[in-house]
Amino acid sequence: IRDSRIVGVVKDFHSSSMHREIAPFFFKIYRPWHRFTFIKIESENISRTLAEIKNVYKVYAPDYPFKYEFLDDVFNRMYKSETQLSRIFTIFGSLAIFISCLGLIGLVSYSLEQKTKEIGVRKVLGASVSQLMVKMSGDYSKWIIPASIIAWPVSWFIMNKWLQEFAYKIDIHISFFINTVIITLFIALFLVSYQVFRCASVNPAETLKNE
């Protein structure tokens, strides 16, 4: 390396994963042997292009097997653990949302069953279905926002701990948590409103008669 001649300089780039900072890197040509050859190819007719490269390779190195791999596959292997972690969080997160939705539906159904007489009386006194939906939905929404705020510090701690493993990372903005609360409220209000609509659409005469 000390006797090498510099023929060009390029901009800094990541030669390893994002877990590490950009470090000094150099390319050296070992004559007459080359360990790697980087070839940029078009995305169309990849199999045909590889076949042509293989034919040229056999001409200059017939005694060595032709091996190749794509650069994007190499980068993907660097983040294999992150990809697996993302899949695990996606699966368990989706499962948690599904179970939470089932629990919310069951809770709302049970609560509305206890308030059947109240809903019937309110309708007789002139309350519309939309007014009942707004009132009943608000009763559940007031618990969602505090619960989400309580979960913010835990989420921030876990995310921040994970991002510390990377030399280059994004900042955790409060907008991430606000958007989460909005999405949670939307899902909860949709489920609650649907259950309230079904219950409020029943003829109050039938409701009060059963009571």
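Let's start with the largest pocket. Helix H1 is the top contributor to its lining, giving 5 residues. Keep in mind that this is a predicted model.

How big is that largest pocket? Its volume is about 2,800 Å³. In total, 49 residues line it. Which of them lie nearest the centre? Those are Phe27, Arg35, Phe36, Thr37 and Phe38. On the helix side, H1 covers residues 46-60 and H2 covers 71-78, and each of these two puts at least two residues into the lining. The lining of the largest pocket counts 34 nonpolar residues, 6 polar ones and 9 charged ones.

Let me stay with Phe27 for a moment. Phe27 sits in the segment before H1. Is Phe27 buried or exposed? The relative accessibility of Phe27 is 61%, so the residue counts as exposed. So here is a residue among those nearest the centre of the largest pocket, and Phe27 is still classed as exposed.

Next, the second largest pocket. The volume here is about 1,200 Å³. There are 34 lining residues, and Gly93, Ile97, Ser155, Thr180 and Thr184 come closest to the centre. Which helices supply the lining? Helix H3 (80-114), helix H5 (129-163) and helix H6 (174-200) each bring at least two residues. H3 gives the most, with 13 residues. By class, the lining of this second largest pocket has 24 nonpolar, 9 polar and 1 charged residues. For the largest pocket, recall, the charged count was 9.

Take Leu102 as the example. Leu102 lies in helix H3, the helix that gives the most to the second largest pocket. How accessible is Leu102? The relative accessible area of Leu102 is 48%, so this leucine is partly exposed. The cut-off for a patch member is over 30% relative accessible area, so Leu102 passes on that count.

On to charged pairs. How many salt bridges does a search of the whole structure find? The search finds 2. One joins Glu52 and Arg48, with the closest N and O atoms 3.6 Å apart. Why do these two sit where they do along the helix? Glu52 and Arg48 are 4 residues apart in helix H1, so about one helical turn separates them. Glu52 is partly exposed, at 43% relative accessibility. Arg48, at 56%, counts as exposed. The other salt bridge runs between Glu69 and Arg77. There the closest N and O atoms are 3.0 Å apart.

One backbone point. Most residues other than glycine have a negative phi. Asn45 has a phi near 55°, which is positive. Where is Asn45? This residue belongs to the segment before H1. With a relative accessibility of 53%, Asn45 counts as exposed.

At 75% relative accessibility, Lys11 counts as exposed. How far is Lys11 from Val124? The two are 113 residues apart in sequence, and C-alpha to C-alpha they are 76 Å apart in space.

Terms used
Residues are numbered from 1 along each chain as its sequence is written. This is a predicted model: local features need pLDDT of at least 70, side-chain atom pairs count only at pLDDT 80 or more; totals for chains, interfaces and linings use all residues. Side-chain values use heavy atoms; hydrogens and water are left out. On a 1 Å grid over the protein atoms alone, a cavity is a set of points where a 1.4 Å probe fits but cannot get out, and a pocket is an open set with protein on both sides within 12 Å along at least five of seven lines; lining residues have an atom within 4 Å of a point. Grid points are joined across faces, edges and corners, and a volume is the space filled by probe spheres set on the points. Ala, Val, Leu, Ile, Met, Phe, Trp, Tyr, Cys and Pro count as nonpolar, Asp, Glu, Lys and Arg as charged, and the others, Gly among them, as polar. Buried means under 20% relative accessible area, exposed over 50%, partly exposed in between (1.4 Å probe, protein chains only). A salt bridge is a side-chain nitrogen of Lys or Arg within 4 Å of a carboxyl oxygen of Asp or Glu.
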